[in-house]
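Please keep the sequence and the model in view while reading.

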Amino acid sequence: MPATAKPALSLLIIDDNAASLDLLSTALAQPGLEILTAADPEEGLDLAHSHHPQIVLTDLVMPRLSGLEVLERIMEFDPSTDVILMTAHYSTESAVEAIRKGASDYLNKPVSIAALREPARRRQRALQLEDELLASAEFERIVGHTPLMWDMFSRIRRVAPHYRVVLVTGETGTGKDLVAQALHRLSPAASGRYVVLNCSAVVETLFESELFGHVKGSFTGASHDKAGMFEHAHGGTLFLDEIGDMPLGTQAKLLRVLQNQEVQRVGSLTSHKVDVRVIAATNHDLRAAIAEKRFREDLYYRLSMVEVQVPRLADRKEDLPLLERHFIGRFAGQYGKEIRGLTHRAQIRLSLHSWPGNVRELENVIGHACMMALGDTIDLQDLPTYLHVPSEQAASVQAPLPSPSEVGALEEQERLLIVRALEAAGGNQSQAARLLRIGRDALRYKLKKHNLPTTR
Ligand SMILES: Nc1ncnc2c1ncn2[C@@H]1O[C@H](COP(=O)(O)OP(=O)(O)O)[C@@H](O)[C@H]1O
Ligand SMILES: [Mg+2]
């Protein structure tokens, strides 16, 4: 490797134990890595401010300032820093707390030499992974290349090795199932079972038996002893979908299982230890359910300690072209057709839709269009009929221009004018720009601003 003026990577180690600090910096020394050390956390923070290291390795228990406080302060001024905590007092709770505050990892002391070299390697791997991610625009089968999605991918990657319980929230069709599967696959329980229970599909009276099992004769119809889903998922993951639909009584029992890691079959006096990671998902606002006394507040707090929020499609419309391509690829293959893409005006129509059903709705729309398409491109008439009927916005596009007194948001009017011009120009941007009497660059800028497709 050619010598460079500035090392590619800079690592800061903070540990109040001088011997440990020495050991760490010796073991980690490698070409291309600058190592800074501080025995005092305050001094460490100063170094972090002045040198902006990409990685900070900090002890957890130190006088004056704890590793968690160091983490918080660093996250405040540079959240992209990889902060790794080390501790002799490892517990899942404290690891989760650290991850929740933004730590990249949490290592048990004494850390092995191999583990010591990990942070630098991991950062390089992370960068590589990040590159792959950008290139493929897909993370663990989840398609997306917008900052909202990158944040989510990064969160999944950080949470997965440590969580015991995690809550996945998002509207219906946003991809919560995919997120739950990714969390399982990236967790230490990946080789264990992945057991799914959809809480909205279980008869209330059978709920506890499903989850915890039962013993013969414990209720009418219980003709054998039966293991519940928790026992099935032992060593793996239990995914509780639509947790908001779980009956209140069952919620109380679930909380107890989460706290004790023990289940008791219905009708039994003895309990079994279980080692199960729990992922709960909901598309309801659980806080509203709490206010209506349909959801237990204590369970909510237990579940939401670590939360992964899945963004709405409407909030990441820049992902539409990518998702369209993704689904066209899938359905064209399925129907044995060669479909190149959507016409510009079909793309515009999709970008004007509000997508209440999120990605699932888009998946259905593209599936339908691929089935209907006669040629190699999808046009307006191939879209489902509800999208033919101009949406509210599209309707006003066709209507005469509103008078200034009717003008709502100025931005919205601008967007409508642009869409109208593009439709009139059959998608030709130069022509649309001429119709609008603005330059092509100005039009491009405005297309971006309004999340309209910029490709032609
Ligand atoms: N980001 C995404 N990339 C690719 N496919 C997605 C994405 N989000 C959702 N999907 C697909 O959309 C459909 C609905 O997703 P799902 O995970 O079932 O949503 P939810 O559980 O939030 O209702 C599934 O077929 C899923 O594969
Ligand atoms: Mg789902």
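Glu242 is placed in the loop between strand 12 (237–241) and helix 10 (248–260); helices (H or I, at least four residues) and strands (E, at least two) are DSSP runs, numbered from the N terminus. Although Glu242 is not a glycine, its phi is positive, about 55°. Most residues other than glycine have a negative phi. Gln261, in the loop between helix 10 and strand 13 (262–263), also is not a glycine and has a positive phi of about 55°.

This is a predicted model, in which local features need pLDDT of at least 70, side-chain atom pairs count only at pLDDT 80 or more, and totals for chains, interfaces and linings use all residues. Residues are numbered from 1 along each chain as its sequence is written, chains are lettered from A and ligands numbered from 1 in the order in which they are written, and side-chain values use heavy atoms, with hydrogens and water left out.

Attention now turns to the ligand. Around ligand 1 there are 19 residues, of which Gly173, Lys176, Asp177, Arg360 and Glu363 come nearest (a residue is near if one of its heavy atoms lies within 4 Å). A polar side-chain atom of Arg360 lies 2.9 Å from an oxygen atom of ligand 1, while a backbone N or O atom of Gly175 lies 3.1 Å from a ligand oxygen; a polar contact is a pair of N or O atoms within 3.5 Å. The elements that give two or more residues to this shell are strand 7 (142–143), helix 7 (176–185), helix 13 (320–335) and helix 15 (358–372).

Notes
Polar contact = N/O pair within 3.5 Å; in protein donor to acceptor, adjacent residues only side chain to side chain.
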